[in-house]
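I opened this entry to record what I looked up in one model. The notes follow in the order in which I took them.

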Amino acid sequence: EILRTIFSTMPELQSVLTFVPATITEEGAMKVLQPFQSHFAQLDMMSEELMAMTHWAAPSVEGHPPMVLSCNRSQVIAPLGIRIARVEDHDNLAAVFDAQSEVVTSVYGDFFIAELIEAQNDENRALVAEVDGRAVGLMCLTSDVDINVLAQCFQVDPYDNLLKGPYMKRVREHSRRLMEGQDASLCAPGDFLQVALGSMDMDALLDSIPKLEDGRINAVQLHGALQMQEFSDEVGEVLQEFEKSIMMLFWQANFLEPMLQENSLLFPSKVSECVQLFVNLDISERKAIASEVLKRWAEVQDILKLTKEAMAGPGDAEEKEEKYEENLGDLLEADTTVDTVVFFKALGQEEQGPFTQDFLAKLLITLHWWGDVDISSPLALLPEDGYREALEKVMQSEEGLFVSHPNSPSWLANMPPHSKDVFCVNMFCLDQAFQTQALDFLLPAFSLFPEKDYCIITQPHTAPNTPLLNAFTIVPPQPQNTFGHVLYLIHRASLLGPPKVVSLKPHLLEQVHPLLDVFEEETRQEIISQSKLFLQERKASELEVFVVDFDSQVVGLIMLQMPNADVVDRLRCCYHLDDYLLVEHHETGGFSNKGHVRLLHWVLNPLFQKYTRRLLQGALRICGKTALFLETELKESVSSIYRELLQVAPRRPPQLKKILREPPKVASFCNIEEELPTEEDLREKERQQLLRDLEQTKALSIVAKKLLSETKIPVNARIVVVGASDCGLSFLESLLSIPHLLFNSLTLLAPGGLEYHHAHHLPLVAGTAAYSHQELRQIMLELRVRILDSRMVHIDRQQKCCILHDGSMLPYDYLVVATGLQDDALHALKIQSMGVEHVTDGYRRVNGAMSAADPSIRDLLVEGGTLVKSLIWNPLSYAVVYGRSLNAYCVVQGLLLRKVPARKIILVLPSRSQESQQGDISVNAFYEGDEVEKKIHHILETMGLKVYEGYRLLGIQ
């Protein structure tokens, strides 16, 4: 059972080894090895040479070598038999589904599994896990994936937006040109016409046109019916005269006949055949047509020569013959013009040419719509090169892609199915007894879609983690995500095994360069120079540089630095490091900092993000360290590695020095000897300077080697906290400080944002005492929590969502309301503050009336703004501040700082008994009879500010 648990919890583990020393006695060996006999086998020695007696693997005195026993995964957990699902598996699978959920059968019917299996095709497949002839699990797969929705809702750009590499390269180049303001299109006119024809029902349109007795229709009526067709903006903009394009296409398919006139009659079947011929001209067939013509270009040239001779007339034939014999190029540059129709007719088999008429019709259509030449009528002239340049352009052309602007909701909506590099698991169920073997499905699943490299799963936010999901990587959502599920992704290469950490070698340095594109130029140059320095100095260097190797390819870089002796002491001074780490435990051999190492740079291919903790553990093992720390400069770009580490809270400098001062040794005020500072005094002074350093913008993250062995459990539940109060912020910090949990969907609803977002304003309202601006930045809240500058106006408990002031909906699984204490003076009067956009039913807005809790109050009373200028210069403008709270006094101070004259400010203080009578919580800044309050009021009155005490606010006009 222990072995089964080991292999179950570590799915990448294939073998467990046990070392049996040679010094063990025979009796001891019998006791120790008895439990291992059934599952372990002894490994053969590769060499008969024995180790020295002082070695840990030394032989016994009699010369017997030690043993190594091995247990393979397959000996403990038999792999599942995976095969294509059959309809007769229904009964076994129905029992598995019903045991885990009764909803499935009740919603989809009793035989939905059989119907699902029977409906398999090239796009939809189903796999079954079989044990002892019984189906115990089902996995349904589909390649019909809407990558446009996923690209709009999730950060899939590192995965090429789930497109194949060549297609994504073209899409990126197209997007770059659009963002630079250039005209860009990945489609030829023919591609747009194919899309237009594919989006309409041509047969239904032809049936709607009145027919003559012989079944023919009038060309004018067809022209009118085509004029009524409407298409999407992009297609319609290119095909502004769609009806003329179809009439032209009909002639091109029958180029030996005259163009359609007003009184022309035609059979609907010929129109359908023409449309079908055009729609079926895909990129491969167009290239095959061009290739066939170029292959027989010598025959085409001969026909071109004869056609020109015929068009030149008999009098010039001999002269043209002489020119041709001298130089064929001169003939091609001759002034003789040839109609394209004449030339194409000469190429036909009816005129002893090499091509059939159907082939020539396709060739003419290909040249006009994809070769960028004009063959729109029988009067079109043959170019001098005989369309060779156009044919070569067709050979070099690429498939047309309908890609919108990157900011458009339909950016990748029209990508062809074969360009997608992903398939999806849309249903999965496995007997509870075999849950740990769910990964056995993945390799057969990828074998069903050999041309796809990604497999995705979407799950509800509250779905529990399973062994199958643990093998996948969670894709972060976009800020504007509207998708109701979590996206999991895995790449085909991940099934080949985990990557390895190896020390950087000179021949691997070139492979590191492509990985550094995510950094700025200065950082790239720094990493390259440090890597070269490491290769030169090796053991003498303070750096350790590792690369992540996968299948002989470098997919990651880890750069570590050995810290100086005082670094850890400095970190303990500035951060609560001792709350997260036993620092002394990591000081080996009596030397400080020997077990600590700093992470300088980290970059990893996102395909292997799942192995981040394992790679860090390998790097620490190789360099012999047990604790890793990362100092993140918040003014620069932040690496995603911080999500795997623990954030260390910064220390706050003490406000009061509580150490009693020692009396001087010489009790003479005339000649006091100056005491030299001791070493402890100097260290304390340096510590105080570090704590009070306002430029200290670094955040500290740490992790111990032991913690890296424990995978963080992802929590995808959508937790929404309403209000950036001290309670709300501390709640979020508490969640984020749990070492074994990784919260992926935390949202803070903070009207006005966080406090330090307003640091550029002059002080106006009271700030929090729990978090300083510097502390809020250093706990990296914005990087780990989605912060919305919005206001909640309603809670829809049935749909579990918050309704915001702009009408948008914010879904939640858990809602925490922590808005804090707010001013109620205006609320009691049914008046909405001036800066609040949304006016609640039953409330009104009064111009000039604003609450201290209004997040826009700093913008309304900005220095040099309209309201402040009015208070300064308008003799009729006054500012009335009502309240006894600290906010009231802060607003008075803020107005004075904004140069508002004191005589224009009126402070109205409600009676203290008023709050107790109403049952409100007292938020008075001072106790009754407080001397500080009397002093402040005296100073304000001295400045000319009017203070009225004992009044109650009854209304605002």
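The model is a predicted one.

**Entry 1: the parallel sheet**

I began with strand 31, residues 879–882, and strand 32. They run parallel and are joined by four bridges. One of the facing pairs I noted is Ala879 opposite Ile905 in strand 32.

I then followed strand 32 to its other partner. Strand 33 covers residues 946–949, runs parallel to strand 32 and is joined to it by four bridges. Here Leu909 stands opposite Glu949, and Val908 has Tyr948 in strand 33 as its bridge partner.

Put together, this is an open sheet of three strands, in the order 31-32-33, with parallel pairing. Which strands stand at the edges? They are strand 31 and strand 33; each has a single partner strand, so one side of each lacks a neighbour in the sheet. On average, neighbouring strands of this sheet are turned by 20° against each other, direction ignored.

Is strand 32 enclosed or open to the outside? I counted its residues, 905–909: five of the five are buried, so the strand is largely enclosed by the rest of the structure. I also checked which way they point. Ile905, Leu907 and Leu909 go one way and Ile906 and Val908 the other, and all are buried.

Helix 36 lies across both strand 31 and strand 32, and runs at about 175° to strand 32.

Strand 26, residues 801–804, pairs with strand 27 in the antiparallel sense over three bridges.

**Entry 2: helix 20 and its two partners**

How are two packed helices described? By the angle between their axes and the distance between the axes.

I took helix 20 (residues 357–370) with helix 21 (residues 388–396) to begin with. They pack at an angle of about 80°, with their axes 10 Å apart. That angle makes helix 20 roughly perpendicular to helix 21. On the helix 20 side the contact has Leu363, Thr366, Leu367 and Trp370, and on the helix 21 side Ala390, Leu391 and Val394. I sorted these residues into six nonpolar, one polar and no charged.

Helix 20 also packs against helix 13 (residues 242–253), at an angle of about 145° and with the axes 8 Å apart. Helix 13 brings Ser245, Met248, Leu249, Trp251, Gln252 and Ala253 to this contact, where they meet Ala361, Leu364, Ile365, His368 and Trp369 in helix 20. Sorting this contact gave eight nonpolar, three polar and no charged.

**Entry 3: two single residues**

I looked up Val603, which sits in strand 16, residues 596–604. Buried is under 20% relative accessible area. Val603 has 9%, so Val603 is buried. What does Val603 touch? Leaving aside neighbours within four places in sequence, I found Leu515, Leu516, Val518, Phe519, Val555, Gly556 and Leu557 in contact with Val603.

Is Glu775 buried or exposed? Its relative accessibility is 10%, so Glu775 counts as buried. Not counting residues up to four places away in sequence, Glu775 touches Pro650, Arg652 and Ala770.

Notes:
Residues numbered from 1 in each chain as written. Predicted model: local features only at pLDDT ≥ 70, side-chain atom pairs only at ≥ 80, totals over all residues. Heavy atoms only, no water. Pairing = 2+ DSSP bridges. Helix = DSSP H or I, 4+ residues; strand = E, 2+ residues; numbered from the N terminus. Axes fitted to C-alpha atoms, helices over the stretch in contact; angles between N-to-C directions. Parallel < 35°, antiparallel > 145°, perpendicular 65-115°, else oblique. Contact = heavy atoms within 4.5 Å. Nonpolar A, V, L, I, M, F, W, Y, C, P; charged D, E, K, R; others polar. Buried < 20%, exposed > 50% of the residue type's maximum accessible area, 1.4 Å probe, protein only.
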